Amino acid sequence: MPYLSGEDTVKELRRALSNPNVQSDPLRYRNTITKVIRAMSQGVDVSALFPEMVKACATVDIVQKKLVYVFLCSYASLNPDLSLLVINTLRKDCQDANPMVRSLALRNMTNLRLPGLVEYVEQPLSSGLRDRAACVRRVAVLGWAKLHNLQPETETDAAVVNELYSLLRDPDPIVMVNCLRALEEVLKEEGGVAINKAIAHHLLNRLKECDVWAQSDILRILERYCPQTEGELFDILSLLDSCLICVAPPVMAATLRLFLCLCSSLPAVCHSALERACGPLLTACGSSSREMRFSALAHIQLLLQSEPSLLGAHYKRFFCGYAEPAFIKQRKMQVLVELVNDENVSMLLDELKGYCTDVNPETAQAAISAIGRIARSYSDKCLEILTGLLGLKQEHITSAVVQTLRDLVWACPQCSDIVCTTIEGCEQIIQDAQGRQALLWLLGAHGERVPSAPYALEGFIDGVRFEGSLCVKMELLSAALRLFLCRPAEMQDMLGRLLHYCIEEESDMCVRDHALLYYRLLHCGIEETRRFVQMRRSDPGLGVLIGRPQQSINSWAQSFNTMQPLCGATTTPDTSTRGSPEHTNFYPKTNLSKELRTCQVDSTPTDGSGPCSGSLSGAVTLSLSPALSPNAFQDLWLQLQSLQTDKDAQDVKEEDFFCLETLIQCSLIPVDSPYSLQAALQLVNIQTMAFTPTSAIPWKFYMYTHTQPECSTKTAHGTLILAELLYSNEAPDVDEAPDVDEVSQDKTFAAKGMEFEKSRVKVTVRQKPRDEPALMGFLSILSTVLNTVALQCENSQQGKTLLS
């Protein structure tokens, strides 16, 4: 057919479809219909041909029927009245002697997606469930799911549900699996298909008859079944043992997840299952599919959270290939950091050193960051590599090395002497804002050990009017003031010029206010300034850490074989975009970690009042994923506050959100140790968004967390919890306040810059969607963290008092 415009094409096709000579020739008629489908696939609007195509469906040619049904399903919603003309033909085809025609008719009756046709479809679907041909039963079973999806408010006939349950014993495995999928859709409001002992054992015995994706669906549904005896549990595990080493990664992952769910109280069995699954996971890491490799690496990172030595002997399998994409190389380097030990550290460092000069800057920077993480345990070997990389004098490598050295100095203060001797001259190479910011922090924090520190800062100060990064300007002000306190003769003139420019000429108000603060602070005296800007040093008692503390298998078992590991929940945060390491969340000491894990969590709010009072049916699991930005936190907080204020005036369901104000009894409130509290909250997966400066009254903390779906009793997708801690050093409200005599007897403990008040912390919680049991569990965890941190601070302060 010659090239025509859209309208001309439709006219030409209508003329051909209406031509009696074409209709009398089956081959020409089929070719014309093929041209209609081709034009439709090319974006031409051929909906005007709907009446002609309806006539064309009355044929015995199966190929022509398929082509016409494709057209009708695409344009039925635009022509609902004319679609009724097709029903008679489809119902007639449902009684055809050819099972292929019957299945084709049933499939397309449900694919029309028209509510007005439901009454015509139910009877053929019911007959299809009892059809002698398996292909028809497969289509009929899924047809009921499509019908329910079309009208979800309509209650499905109980007889149909019972018949779907009976078809679980159909001899055709595809029919059996389609029944499971249909029941999941139809019974979604009731929690999906109900699994009892008979159904569970039947599915397990027929598991090998199904294909890969059917096996994955069956294994996912079997997670709901709880074996009644230990003997039955081990019988099920024996049946699943062969699937645990299946060559198909989806089946292996679903089987391992089922193992972990069934054996949550048997750590030895879980460990054995993880060991057997290592082989298939390593095989998936070598798959030709990039997506498969990435997914396998993400799930291996989950395993290493609990079993860091599980793959220690196979570390060479995670060496990067030259042609691999950057995102896979970065994941492999994260795994290599988890596998480092005394035996392989030299080989791993040599391998990572080779990646530092990769042609891809992101890969090179990731390798340098990985060496920096290893340096927290093997500082001498890693510092030798990092200082050697500075000799290459390449901008992106030098920037990444300086950022890594900044983090290393903060975590390992013993490395500061070597670092200070190697960063001289780096200011001439680094061009990016993150690298300059890291270098300025090092010069300000340890400038007394760097002979050329004032001269390096002089170059930044002379070019401050051309500096485009706000963060660099802020860091330059802090570095200049800190260096002035230790080297005043060299820095006095430069600091004056910098403050004059920032106050008189700088257009950014943040930089100007920061400079004004320092200027007025200097008028208060050097000692007052020194006390105010003295940088917070890293905790000398902080043990050498590499990676995260070991977690229990149950903490991540529910996220295994889901999208959560792929979304970056286990990925090491990128440190290249953050500022000074004073704001870094390091893990608390080991004894604090153990106390938080072993302490008993009370399941009722501390004040015993409020809607959340009661017993908690199960443990609550908190998660930091998906992450919430500060702007999103603020917007959601204000939105929920507005909804709570105007709840009566707006059409808002009670299940959409929940707001609560309560009190938590905390014997000693760590007003002056917000960083300790922040680290402890991070340990239990509660993310701190903001907190007031040290010793500020009122004292506030803003935080958020997510509850895991399995731990939420009312919601299918978990809940988001926003919270504010407020300590104002004032008496509580009359209805919430403790006895006056009790308050008057409380004593204040204050010594060496640490203040504690025996009082209550006001907690304002906003939850979306509403789930009171999950909220009650969150309050219990929060109360435990507050009391644990406060007790540690009290013990530490009392020990210092006794020593002094």
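This is a predicted model: local features need pLDDT of at least 70, side-chain atom pairs count only at pLDDT 80 or more; totals for chains, interfaces and linings use all residues.
Is Glu 155 buried or exposed? Residues are numbered from 1 along each chain as its sequence is written, and side-chain values use heavy atoms, with hydrogens and water left out.

**View 1. A negative surface patch that includes Glu 155.** Glu 155 is exposed, with a relative accessible area of 75%. Here, buried means under 20% relative accessible area, exposed means over 50%, and partly exposed lies in between (1.4 Å probe, protein chains only). Glu 155 sits in the loop that links α9 (134-150) with α10 (158-166); helices (H or I, at least four residues) and strands (E, at least two) are DSSP runs numbered from the N terminus. Patch members have over 30% relative accessible area and no salt bridge, with like charges joined within 9 Å and nonpolar side chains (Val, Leu, Ile, Met, Phe, Trp, Tyr) within 5 Å. A salt bridge would be a side-chain nitrogen of Lys or Arg within 4 Å of a carboxyl oxygen of Asp or Glu.

**View 2. Helix α22, mostly covered.** Follow residues 395-411 to trace the 17 residues of α22. From first C-alpha to last, α22 reaches 25 Å, close to the 24 Å expected at 1.5 Å a residue; that expected span is 1.5 Å times one less than the number of residues. Of the 17 residues in α22, 15 are buried.

**View 3. Val 684 and Asn 685 in the loop between α33 and β3.** The loop runs between α33 (674-683) and β3 (687-691). Val 684 counts as buried, at 19% relative accessibility. Its C-alpha is separated by 8.1 Å from that of Ile 781, 97 residues apart along the chain. Asn 685 is partly exposed, with a relative accessible area of 30%, and has a positive phi of about 65 degrees although it is not a glycine.

**View 4. Arg 113, another non-glycine residue with a positive phi.** The phi of Arg 113 is about 55 degrees. Look for Arg 113 in the loop between α7 (99-111) and α8 (118-129), where it is partly exposed at 38% relative accessible area.

**View 5. A cis peptide bond between Lys 768 and Pro 769.** Omega is about -10 degrees at this bond. Pro 769 belongs to the loop between β8 (759-768) and α35 (772-803). Most peptide bonds are trans.

Conventions
Accessible areas come from the Shrake-Rupley method with a 1.4 Å probe; for residues, only the protein chains shown count as cover. Lys and Arg count as positive and Asp and Glu as negative; His and the chain ends are not counted. The place of a charge is taken as NZ of Lys, CZ of Arg, CG of Asp or CD of Glu.
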